[in-house]
Amino acid sequence: MQMKEYKPLIVAFCCNWCSYAGADLAGNNRLNYPAEVKIIRVPCSCRVNPMFILRAFQRGADGVIICGCHPGDCHYTSGNYFTRRRMAALFSMLDFLGIEKERTRVEWVSAAEGAKFAATMNDFVEKVVSLGENKRLEDLRCKR
Amino acid sequence: MQKITKEMLIDKATELLNNGTVSLVLGWKKGEYDYDVTPGVFESVEELKKDFVFGDFSAANLSKYLVKKTEKLEGKILVFLKPCDTYSFNQLLTEHRFDREKVYAVGVQCDGMVDIEKVKKIAGDGILSVDCNGEDIVVKTLYNDDMTIAKADVLAERCANCKSKKHVAYDELLGESGEVIDSNRFDEVEKLEKMTADERFAFWQNELSKCIRCNACRDACPACTCEKCVFNNPNSGVENKSPANSFEEKLFHIIRAYHVAGRCTDCGECSRVCPQNIPLHLLNRKFIKDINEFYGEYQAGAEVGSRAPLVDYTLNDLEPGEVFDRGDENA
Amino acid sequence: MQRIGVFVCWCGSNIAGTVDVKAVAEALKSEPGVVFSTEYQYMCSQAGQDLIKDAVKEHNLTGIVVCSCSPRMHEATFRKTAAAAGLNPYMVEIANIREQCSWVHKEMPLGTEKAIILGKAAVAKVNLNAPLTPGQSPVTKRALVIGGGIAGIQTALDIADAGFPVDIVEKKPTIGGKMAQLDKTFPTLDCAACILTPKMVDAAQNENIRIFSYSEVEAVKGFVGNFEVKIKKKARYVDETKCTGCGACIEKCPQKKVPNEFNLGMDNRRAIYIPFAQAVPKVATIDADYCNMLKNGKCGVCTKFCAAGAIDYKQKDEIIEEKYGAIVVATGFEPISMEKFDEFAYSQSKDVITSLEFERLTNAAGPTAGKLLRPSDGKHPHKIVFVQCVGSRCASCAEKGKEYCSKICCMYTAKHAMLTRDKYPDTDVTVFYIDVRTPGKNFDEFQRRAVEEYGVNYVKGMVGKVTPEGDKLIVRGSDLIANKQIKIDADLVVLAAAIEPDKTARPLATMLTASMDTNDFFTEAHPKLRPVESPTAGVFLSGTCQGPKDIPETVSQAGAAASKVIGLLQKDMLLGNPCVASSNQLMCNGCSSCERVCPYGAISYEDKEFPGPNRTVKVRRVATVNPAVCQGCGACTVACPSGAMDLNGFMNSQIMAEVDAICK
Amino acid sequence: MENKYLKDDIIRSSGVNPKKCMKCGKCTATCPSFDEMEYHPHQFVYMVESGDIEPLLESESLYKCLSCFACVDRCPRGVEPAKLVEAVKLSVIRQKNSNRLKADDVVKYLDEDIPQQAIVSAFRKYSK
Amino acid sequence: MKVSYFPGCTLKNKAKELDKYSYLCAEKLGVTLEEIEEWQCCGGVFSTAKDEIASKLSSVRALKAAKSKEQPLITVCSGCHNVIKQTNYVMQNDKEFADKVNKYMAEEEAYNGEAEVYNYLELLRDVVGFDKVKEAVTNPLGGKKIAAYYGCLLLRPNSVMKMDDPENPKIMEDLISAMGAEPVIYANRNECCGGYIALEDPKAAEKRSNDIIRNAKAMGAEMIITACPLCKYNLVKNGADIPVVYFTELLAEALGVKEEKDGE
């Protein structure tokens, strides 16, 4: 394999009502963040199944971030409260399995927070780059 | 405390069959050896007399079998439940998985089950018979003299760390029902939490690499009663088509633990049935411990109709990013 | 297999400046299912849309991917384009290569690479898209308003004026609510009865309005546009159609010792009664708890004196079943009990009263005919102390008080203080306040007038203890500005009790599957943008059931709720959002996990027969989603362990395909 | 003791969060020892929160609190001012030679009816 | 039934009648008070400071003694009751504090607030029952107008004491009714008498006490009853011109156990 500059692959799940709009606002304001971030639109952060996250890691993602409305502002009133519990439990479990904790994150980004969206992505990518390639989840069952 | 014998159970089952209360009996069936006891369904007194057993190896949690057995049942089925089994029983009722009216539940006092692997470690292979007389068990083997081992030394892990001797559901009791126990069941989880991430990874890589994906854990788990498992569901996107390098092959255990999180009663069947002796219960206990710490003490199955923590919320729950900060404190 | 067309937009140089659009179109050509791929300067222009329509026809496309600006911008546009070309509009997916690509990345190679990946994800998703049709349901053109206070009356009048029939259900014998008990209203000081009672009469006379007084909602079934409601009309033992409201029965009723709830127990009424002179309907009601005839069959005086023959001791509760398209909750408030605040000696002295009791004491139709007299000895009080925030802003003990600000107390206390000084200039009036909160039109001016023109003494501080002694009330309070503890020998103490939602609100919310906060106020669908709608479709909120508010605010919310109802009722059919959850019943376990996370109560369960082996049949409990109620958040899909619950438009397999495409 | 540490120490020892105070003054309104106090309960809360603790340390007010808990029970925000007073007072009498009441002094206060309870309570409140 | 009993220093000294009549009345009502062995003074007043440990140990020892006998711990003196009940509460609810205390008392078994603490009044209301008290009354008090004086220690902090509504209590009023007298309701019955400050600043205590006496008399009281020696001292010393007596003494009178035993 040819050595090249390490470019992480980041999957960002954004809820349609707040965070996806926040990402659009970052675009409107031309706020740069790394092209490695690829956004998948979901109606609500509570639509994000832990299986999607694991699948992304499985297929080579180096970091997965979930963005939703701030607690209390969910378009569907309670969706992000469930997200918060589900992801707290899942992240704690991944940590328990020894997966680097910097690879997963939940961030509340409102439709007005374009700057926060860009800053979050810059920060997240930076953290993931410092970890390097994601091998652990792939290797979890392959003892060498 | 009296000792509960298999005869007492057979007598009870006979009585209930004969007086027409039940038409089927769900119990434990003898195998080739004393220690390979399996769940069994008995339709007659003759069958009971022939194959029914109860003892230190009647470990199987029978509650799960009620889901299928009551589906087309006319009348009632008798089921014997140890204290930890009653939690699964309640959890299944919470999830409307069977009709309570179709079940006659007899709670059975439990003095802890023996782990045959532990016995083998002490007594060696070629075990012919294992007899219990209270505090000790007597092992006869092909190669050695009879051996007497303290039962406490060969108790299954889940019984050594028993969380409750209390029957939380039954129509009738055989023997005594005890109390919820302040056990040390989270010690092992805590030990892992205190390791570095690298050490934890090494631990789990070592354990999970042994998995042969036989699905025994799933098949025995009383929380895994899905009509169709997500891993068999072609629309789920995670169906197991070719085992090599497929998604589910690697992440099966995480997803499985996640799916039962908040619903798992910590009955320990997953680890008991694992042919590779992977400590799968630690994954479940990690979720239980986290839930207790994040959202307040919760014991699945302690009562019927309680709301599982992951389908609930409060306005001030902890943020997902905070779960790690806690971890650092432990480190 | 789909036949997918890919359309890459330049958006002038907005996209094409950073993304090599030709390369994107070229790269996506070889994706599975793609049979056509092109690019164009402005895809959203008429020419661009025509290009899409032509391509659909020419290449028999079954799906469309537009690589362009955000779907929040033009998804609707391209869906219409697809529909015009004969495609199902939900066969369109947008790859956002402007806001989330060309505008945030600077280098062409990076932008192009990412645009291709986003395009691939969209293609992967469209491959799994299925045509979706929004569900339709008819609308019953009748509204139900629960609660007949000013909020309910105003809502009903506005709906009725728009030509729709409305029913008001009121648990008391008359509509009018709390406002009917008030004397004057701030900040204009017009008399409450003068502005309320004409509205009550309007409601009674409006042919679109039916009033079920002395009635309660028993059960609610159904969903937006199609509610089925059971209303219990309690027996009032008087035939409403015959009673003329003449009052002869009341005059003759021998049972005179019934505490009069309209005057908060400060005087008595008879066992047969009309709550107040302007009651609507003006019909007598027999209080079964006190009527000698109903209790032991000995009396019957009212029958003798009723010329209309309206008395009917055998009357029974009656259940009315009716269908509604929309329901408005207007259940209002009650002041909290003062029992737990006995440092103010409310239960130890008759001369410690609540502000609502003060209203009755100053009301011309009240127990003292409008003269301000002490309840204990009927003397005129010369020193009055008002205490604000009793039980409001009280966070220490949930069973005592309320953590929120009750909002109306500052203003009505200023009103009480001002009116007292106006009518009885020889009276000293002191108001203890923590803060004076007067954010309303002419509100602060009003409060200042109380101080500056009427000489009300406002003290920044709180009362700590009221000690009844002799015929005085020794009030010990703090004056924080002077840093003093002060003692006042008062004749009357008036407590501004916190308000709380009516006790009937919580069971009603359960029936409606409408959500409530911990204080039992109904939650709005969005705190800023949808303040008069409940998250449950078809249920609307009017007045204090949603939070403390004064009369002007209540009336404006009532009107807003009415306009939402009118908007709903004027539709013949409701078009749903087709991106709703649905359960694959073959896989559903009936475990109820999904139901517990659904904020809309859209999921219910049914016992359904399924074929078993050997031609047997088994019955299982399975979930069904009501597409008219589901809003498509997807919380249920994740709660479902077996994956039986899925979300149209955002299916598990679709999102998984997007993940795969991105991570390839 | 450094002022900042003193504040932290008082907050820790009392378990009171003075930030919860909404400045209604009900504590002061209800305090039976108001007349004897130079600084009143609401001032204790405010002064501790703003770090202005020195004047409190030197004030007689510390010894005038009756521990009757009226302010604790009647505070609408659950601030518990009496616990703050107690903590500030302890921080004074725990200093060396700072006991307010010495055994020798007691005799002069005694009359023949005074119950033991008064003496032990006073010792507990005034001395280490 | 048998209960553990903590008399406290004052009851063995200046308030002997409070102690004596407690025994006599309990006996008449079928309850045996068993004085716990080697009790030490409760300290008189509870320090709310979390880092004040030593002063609470004597209360913990008393609580442990009751726990080991599996009996509820009964107090009569309001001061002892307040200190012991509050100590028990922190032992139950403040784990950090309880751990420190248990470490401090290392040689003994850990205590985590298992014992139950009742005031004598609660014993009468919740264990014996005021209806039983009423039945046992042989000398009804003939409608005498009696004002109950609670002071602060019995009722506050309410979150811990949980005896009655702290702003409008009725436990003593109910007892007064049970004894055949007429309770006088007056607002200052839960205000502080001045407490221990009487020692150093008698003037301050005088003002407090006067407020109470004046209020009680204004509402028609002919007598005041109390549970606290310090309250009684302050009220009497500051010019109460109506009798101030311990409630147990009055109860003994009503139950007819006062004269007989006094005669011995």
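This is a predicted model: local features need pLDDT of at least 70, side-chain atom pairs count only at pLDDT 80 or more; totals for chains, interfaces and linings use all residues.
Which residue of strand 8 of chain B stands opposite V138(B)? Residues are numbered from 1 along each chain as its sequence is written, while chains are lettered from A and ligands numbered from 1 in the order in which they are written.

Take chain B as a whole. It has 13 helices and 9 strands; these are DSSP runs numbered from the N terminus, with helices being H or I of at least four residues and strands E of at least two. The C-alpha trace of chain B spans about 60 × 50 × 45 Å along its principal axes. Buried residues make up 45% of chain B. Buried means that 20 or more other C-beta atoms, placed from the backbone, lie within 10 Å of the residue's own. Of the contacts in chain B with a separation of 6 or more, 65% link residues 24 or more positions apart. A contact requires C-beta atoms, placed from the backbone, within 7 Å.

Now the sheet in chain B. Three strands form an open sheet in the order 6-7-8, with antiparallel pairing. Pairing requires at least two bridges found by DSSP between the strands. Strand 6 (127-133) and strand 8 (147-150) of chain B have a single partner strand each, so one side of each is left without a neighbour in the sheet. Strand 7 (residues 136-141) of chain B is joined to strand 8 of chain B by 4 bridges. Here is the opening residue: V138(B) faces T148(B).

An open sheet of 5 strands has the order 10-7-6-18-29. Its edges are strand 10 (209-212) and strand 29 (539-541) of chain C. Strand 18 (residues 326-329) of chain C meets strand 29 of chain C over 3 bridges, and I327(C) has V539(C) as its bridge partner. Helix 16 (residues 551-569) of chain C lies across strand 6 (143-146), strand 18 and strand 29 of chain C, at about 170 degrees to strand 18. Axes are lines fitted to C-alpha atoms, for helices over the stretch in contact, and angles run from 0 to 180 degrees between N-to-C directions.

Move on to strand 22 (residues 428-433) of chain C. Of its 6 residues, 5 are buried. Strand 21 (residues 383-390) of chain C pairs with strand 22 of chain C in the parallel sense over 5 bridges, with I384(C) opposite V429(C). Strand 22 of chain C also runs parallel to strand 23 (residues 457-460) of chain C, joined by 4 bridges. There, T430(C) stands opposite N457(C). With helix 14 (residues 443-452) of chain C, strands 22 and 23 of chain C make a right-handed β-α-β unit.

Finally, the chains together. Chains A and D do not touch; their nearest C-alpha atoms are 23 Å apart.

Technical notes: Two residues are in contact if their C-beta atoms, placed from the backbone, lie within 7 Å. A residue is buried if 20 or more other C-beta atoms lie within 10 Å of its own, exposed if 12 or fewer, and partly exposed in between; C-beta atoms are placed from the backbone. A crossover is right-handed if, with the strands pointing away from the viewer, the path from the first strand over the helix to the second runs clockwise.
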